[in-house]
Amino acid sequence: MSDRLCTVLLYSDDPLVRDRMRLAVGTRPAPGLEIEFVEAADYAECVRLVDDYEIDLLLLDGEASPGGGIGIARQIKDDRDDAPPTCVVIARAADRWLAAYAQVDATLLHPLDPVTTGTTVAEVLRRTPAAA
């Protein structure tokens, strides 16, 4: 049995945050899953990548500026019937209610813990059929 190859879009205006997200997820967060990454630094690029690629998961920085990951998640969920699942990295656990309102599938807290991040990403990907 071969690994399922999943494309994860990393969004943050800060390249260091995108690097931290990539390292925390890793290329093999769980047995049977292999990850390839695409990156976006702003809202327009994020939407373009969702349109151009078969994205399996959006991993969004909730602290990005000027467009935060929670707002982007909500906008993509509102605009697309085929929106990929989303995971938003937030700085405050109290922001989980806002993420829930935005229909986010999972949240993670800054600073990212690699074990929790890999487990969460794998769970979300396994709940969702592969992108067509």
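With which side chain does the side chain of Asp-61 make a polar contact? The views below include the answer.

This is a predicted model, in which local features need pLDDT of at least 70 and side-chain atom pairs count only at pLDDT 80 or more, while totals for chains, interfaces and linings use all residues. Residues are numbered from 1 along each chain as its sequence is written, and side-chain values use heavy atoms, leaving out hydrogens and water.

View 1. Strands (E, at least two residues) and helices (H or I, at least four) are DSSP runs, numbered from the N terminus. The partner is the side chain of His-110, at 3.1 Å. A polar contact is a pair of N or O atoms within 3.5 Å; within protein, one must be able to donate a hydrogen and the other to accept it, and residues adjacent in sequence count only if both atoms are side-chain atoms. A polar atom of the Asp-61 side chain also lies 2.9 Å from the backbone nitrogen of Glu-63.

**View 2. The buried side of helix α3 (residues 69–79).** Its buried residues (under 20% relative accessible area, 1.4 Å probe, protein chains only) are Gly-69, Ile-70, Ile-72, Ala-73, Ile-76 and Lys-77. They lie on the same side of α3 because they cover an arc of only 165° around the axis, taken from the directions from the helix axis to the C-beta atoms. Their cover includes β1 (4–11), α2 (43–52), β3 (57–61), β4 (86–90) and α4 (96–101), where contact means heavy atoms within 4.5 Å.

Note on methods:
Buried means under 20% relative accessible area, exposed over 50%, partly exposed in between (1.4 Å probe, protein chains only).
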